[in-house]
Amino acid sequence: MVYNRSQPAARKRPSHRPKKLVVVAVLVSLAGIVAILELTNTTHWFHHKSAKFTPSPTANANTKGAGAVSQPGDGSSSSSNSSSQTTTGTSKDQQSGVDPNTPLQAPTGVFVSSHHVDPGSSMQSVCNTTSGAKCSISFTKDGVTKSLAAQTTDAGGSTYWPWQPKDIGLTPGSWTITATATLGSQTKTASDASPLEVSQ
């Protein structure tokens, strides 16, 4: 008589496949997150931090992070006895289709960085108005007017001038300051409450 001994059933080894898949998925997700953080310069584990950009004091592609609309002015002057000089850049309304009937904002800003200067002082002037408008800043004393060359504001509505009083012919004395913005047939002006005092 032959007895049929049944072999004990072989134990199944527990499957580690689901755990491995979870670990792989987590690692891939972490790698993706790190890659995104590195590419957006949020972290700097695998590359050097880029130098921080500081906008230059002229209306250009980097002003306020906005697109450029004109070339910066050259700081040339004009007087009441001669024709004024303007920049050679194309106006924004021709370049990007700004509607000249867009309501023009009155100019604002720091029209002069200091009100008490000598002829060789380094100055900066800022004009904020409607994007694509032309802006100029003029100085008047005893019937004589000197101006910073008109510039077209950038897409953020600003334009900047680095300059020195001697460069535009400001002589010692008290000069009234007026900013003028134009867009199409519209013109708006604003005056600085304090005059520019140029010393000897």
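From the N terminus on, the elements of the protein chain run α-α-β-β-β-β-β-β-β-β. That gives two helices and eight strands; helices (H or I, at least four residues) and strands (E, at least two) are DSSP runs, numbered from the N terminus. The model is predicted: local features need pLDDT of at least 70, side-chain atom pairs count only at pLDDT 80 or more, and totals for chains, interfaces and linings use all residues. Residues are numbered from 1 along each chain as its sequence is written, and side-chain values use heavy atoms, with hydrogens and water left out.

**Whole chain**

- Of the 200 residues in the protein chain, 32% are buried. Buried means under 20% relative accessible area, exposed over 50%, and partly exposed in between (1.4 Å probe, protein chains only).
- The protein chain exposes about 12700 Å², and carbon and sulfur atoms supply 55% of that area. Accessible areas come from the Shrake-Rupley method with a 1.4 Å probe; for residues, only the protein chains shown count as cover.
- Take the contacts between residues at least 6 apart in sequence: 63% of them join residues at least 24 apart. Contact means heavy atoms within 4.5 Å.

**Nonpolar cores**

- The largest nonpolar core has 19 residues. A nonpolar core is a set of buried Ala, Val, Leu, Ile, Met, Phe, Trp, Tyr and Cys residues joined through side-chain atoms within 4.5 Å.
- Ile137, Phe139, Trp163, Leu170 and Leu196 have the most contacts inside this core.
- A second, separate core has five residues, including Leu104, Ala133, Ala181 and Leu183.
- In soluble globular proteins, nonpolar side chains tend to be buried together.
- Isoleucine 137 is in contact with Phe111, Ser125, Val126, Lys146, Ser147, Leu148, Trp161, Ile177, Thr178 and Ala179, leaving aside its neighbours within four places in sequence.

**Strand 6 and its partners**

- Strand 6 pairs with strand 3 in the antiparallel sense over seven bridges. Two strands pair if DSSP finds at least two bridges between them.
- In this pairing, phenylalanine 139 stands opposite isoleucine 177 of strand 6.
- Strand 6 also pairs with strand 7 (residues 186-191), in the antiparallel sense, over six bridges. Here alanine 181 stands opposite lysine 188 in strand 7.
- Strands 6 and 7 form a hairpin with two residues between them. Glycine 184 in the turn has a positive phi of about 60°.
- With strand 8, strand 6 pairs in the antiparallel sense over three bridges. Serine 174 has glutamate 197 of strand 8 as its bridge partner.

**Tryptophan 175**

- Tryptophan 175 lies in strand 6. Its relative accessible area is 2%, so it counts as buried.
- Beyond its neighbours within four places in sequence, tryptophan 175 is in contact with Phe139, Thr140, Lys141, Val144, Lys146, Gly169, Leu170, Pro195, Leu196 and Val198.
- A polar atom of the tryptophan 175 side chain lies 2.8 Å from the backbone oxygen of threonine 171.
- The C-alpha atoms of tryptophan 175 and aspartate 142 are separated by 8.6 Å, with the two residues 33 apart along the chain.

**Aspartate 142 and the salt bridge**

- Aspartate 142 is found in the loop between strand 3 and strand 4. Although not a glycine, aspartate 142 has a positive phi of about 50°.
- A search of the whole structure finds one salt bridge. A salt bridge is a side-chain nitrogen of Lys or Arg within 4 Å of a carboxyl oxygen of Asp or Glu.
- The side chains of aspartate 142 and lysine 141 meet in a salt bridge at 3.7 Å, N to O.
- Aspartate 142 is exposed at 72% relative accessibility, whereas lysine 141 is buried at 16%.

- Glutamine 151 lies in strand 4 (residues 144-152). Threonine 159 lies in strand 5.
- Glutamine 151 is buried, with a relative accessible area of 1%. Threonine 159 is buried too, at 0%.
- The side chains of glutamine 151 and threonine 159 make a polar contact of 2.5 Å. A polar contact is a pair of N or O atoms within 3.5 Å; within protein, one must be able to donate a hydrogen and the other to accept it, and residues adjacent in sequence count only if both atoms are side-chain atoms.
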